[in-house]
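Q: I am new to this structure and would like to go through it step by step. Could we begin with one of the helices?

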Amino acid sequence: MATRTTNTQAGDAAGWTEDERAAMREHAAELKRAGGKGAAKAAEEAQACLDKIAEMPDGDRVIAERVHAIVTGTAPGLAARTWYGMPAYALEGKVVCFFKPSAKFKMRYSTLGFSDTASLDEGTMWPTEFAITSLSGADEKRIAELVAKAVG
């Protein structure tokens with residue numbers, strides 16, 4: 001008879017890790033906050049994004065601050081918000097891109113991800129997440145290009 005083993009990385013018997021459950025709780029709070037209206041709602045969502053960035057450990061926070069500046073500078077039409085507790089940027093209510101800090105899921109690098117609403121299509125296969133360990137000038141330029149293409 002086989003025995004089932006679990007660990008905190010793989011999840012419990014229900015299949016969810018504590019980090020995943022925390023992300024779902026954050027998403028529920030985001031949905032509740034999204035019930036607001038107009039400028040007040042947008043300001044609250046933007047502040048939640050900045051608050052999440054400020055809470056990050058130094059390594060993630062420095063990168064997230066630069067990504068935030070690049071995204072909002074390149075595509076001012078994107079609304080800053082959170083998505084599953086991560087900084088995200090949306091167009092007409094749909095997330096286009098997001099920053100996943102390494103500490104959130106205990107990964108060795110942060111990522112800049114793009115949703116299926118981003119216009120990054122290249123042939124029949126293209127990347128949707130990019131690992132980031134630090135940012136050079138060339139990296140910042142590439143992020144700006146990706147964001148511009150994503151909303152283009």
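This is a predicted model: local features need pLDDT of at least 70, side-chain atom pairs count only at pLDDT 80 or more; totals for chains, interfaces and linings use all residues.

Q: How many residues does H2 have, and what is its reach?

A: H2 has 18 residues, and the distance from its first C-alpha to its last is 26 Å. That is close to the 26 Å expected at 1.5 Å a residue.

Q: Which strands does H2 lie across?

A: H2, which spans residues 38–55, lies across E1 and E2. Its direction is at about 60° to E1.

Q: What about helix H3? Which strands does that one lie across?

A: Helix H3, residues 58–74, lies across E1, E2, E3, E4 and E5. H3 runs at about 150° to E3.

Q: Let us turn to the sheet. What is the order of its strands?

A: The sheet is open and has 5 strands in the order E1-E2-E3-E4-E5, with antiparallel pairing. Strand E1 (79–83) and strand E5 (129–132) are the edge strands, each pairing on one side only. From one strand to the next, the twist averages 25°.

Q: How many bridges join E2 and E3?

A: There are 4 bridges between strand E2, residues 86–91, and strand E3, residues 94–100, which pair in the antiparallel sense. Within these two strands, Ala-88 stands opposite Phe-98 in E3.

Q: I also noticed Lys-100. Is it buried or exposed?

A: Lys-100, whose place is in strand E3, is buried: the relative accessible area of Lys-100 is 15%, and the cut-off for buried is under 20%.

Q: Which residues does Lys-100 touch?

A: Leaving aside residues up to four places away in sequence, Lys-100 touches Met-86, Phe-105, Met-107, Ser-110, Thr-111 and Glu-129.

Q: Finally, what is the mean pLDDT of the chain?

A: The mean pLDDT of the protein chain is 89, and 86% of its residues reach 70 or more.

Q: Where is the pLDDT below 50?

A: The pLDDT is below 50 over residues 1–9. Beyond near neighbours in sequence, that stretch has 7 contacts in the model.

Technical notes
Residues are numbered from 1 along each chain as its sequence is written. Side-chain values use heavy atoms; hydrogens and water are left out. Two strands pair if DSSP finds at least two bridges between them. Axes are lines fitted to C-alpha atoms, for helices over the stretch in contact, and angles run from 0 to 180 degrees between N-to-C directions. Contact means heavy atoms within 4.5 Å. pLDDT is the predictor's confidence in each residue, from 0 to 100. The expected span of a helix is 1.5 Å times one less than its number of residues. Buried means under 20% relative accessible area, exposed over 50%, partly exposed in between (1.4 Å probe, protein chains only).
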